[in-house]
Amino acid sequence: MMILTKLRLINRFSPPLVHFSRGYRLPPNFVSYLDNFSKDFNNQNNSIVNSFEELKGKLAEHAELETMKKNTTDNEFVEMAAADMEDVSEDIEELVEEISFKLVPSEKHDDENALIEVVPGAGGQEASLFAEEIFNLYLGYCEIQGCKVEMVEVVKNIVSKNTKVVSNTGIIKGVARVLAEGGTNQVFRLLKFESGVHRVQRVPVTGSKADRLQTSTCSVAVLPEPRTVVIEISEKDLKWEFMRAGGAGGQGVNTADSAVRLTHLPTNTAVESQEERAQAQNKQRAMKKLRSLLFQQEWGREQMKVATSRKLQVGTMNRNEKIRTYNFNRHMVTDHRLSQSRTVPSIQQWFMGGLGYDILKGFREELELVDRSDRLDQILTSKQI
């Protein structure tokens, strides 16, 4: 069952995309695009074409009712025609939404796992504290969605002796792997619009109540992490080097060339592995690391291709964009891409997950609608099939 509010949300967020026409909404170029699309599927069973044929029938029915309404002076008949037109308009909007969602496919990385990295920006120790709060906020959000969280790297902030003592010092880097497990399989989809600069406005935790509000920032980056990385690597492009593993020593640890350094010659990308005692196991680890790094490079190139045309960036391409502000004085969370704010009873409790994650979920759903609207617009205004 289609949800009409989705189309209305798209209309609100992206006015140029959808216009009013005789009581129903049609995206610009919608019918002409589908006319051309249908020519390639003549006499073939295609769900989009079938829905478009149904849509054309409803458009014709609406036009007929409108003509009948204009050509009569019977008030009762006019009211009946108007009521029927309203019902047909709703059917048209449902079909438009159905076809639109078929035209804009899910993105290929939505079903992948994700890697999230948070680092502090401007604001000194306050930024480090804020970075840790944001990092923990997202980990809690992912866990409540049924995902498994694995810590990759957490580097705690080191403060000087002159710094006011607080219960926590914050982080200078937090990296976690988010995996599908028992809940949603679309892990990257949960987080892909969270990349960017997050800003907090509050009296510094390291200060006093008499201090003024301070603005601090942290940067969030989200990358898809495929469960199976498919990267074509030719053996002739690899350079293997073997050495003795470093460390404190022990039974055979430093007496055999078990450590591995692997270089991908075309990109000059190098990785090392010495975690295992056996050289064969370290070779496997090194190859896995290399595939992951090459995938990240490929992902970056993909995002560069669409960075200039896509309104809402995903992954690391929008890392310098201010996307959200958290105002502790007003207990308010603002998403700047949507120009929307939400207030909570206690923003401190909200950060700790005590008030749930409906705000993050709601922002994500509306950002998806905006993004889908943008991609539909690009399809409809591109060169016809």
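Author: The axes of α2 and helix α3 (residues 47-70) come within 10 Å and cross at roughly 135°. Axes here are lines fitted to C-alpha atoms, for helices over the stretch in contact, with angles from 0 to 180 degrees between N-to-C directions. That angle makes α2 oblique to α3, because angles under 35 degrees count as roughly parallel, over 145 as roughly antiparallel, 65 to 115 as roughly perpendicular and the rest as oblique. Helices are DSSP runs (H or I, at least four residues), numbered from the N terminus.

This is a predicted model, where local features need pLDDT of at least 70, side-chain atom pairs count only at pLDDT 80 or more, and totals for chains, interfaces and linings use all residues. Residues are numbered from 1 along each chain as its sequence is written, and side-chain values use heavy atoms, leaving out hydrogens and water.

Who meets whom? From α2, Phe30, Val31, Leu34, Asp35, Phe37 and Ser38 are in contact (heavy atoms within 4.5 Å) with Ile48, Val49, Phe52, Leu55, Lys56 and Leu59 of α3. These contact residues divide into 9 nonpolar, 1 polar and 2 charged. Ala, Val, Leu, Ile, Met, Phe, Trp, Tyr, Cys and Pro count as nonpolar, Asp, Glu, Lys and Arg as charged, and the others, Gly among them, as polar.

Now for another neighbour: the axes of α2 (residues 30-39) and α4 (residues 75-103) come within 13 Å, crossing at roughly 60°. That makes α2 oblique to α4. Here Phe30, Tyr33 and Leu34 of α2 meet Val96, Ile99, Ser100 and Leu103 of α4. This contact has 6 nonpolar residues, 1 polar and no charged.

Conventions
Helices (H or I, at least four residues) and strands (E, at least two) are DSSP runs, numbered from the N terminus.
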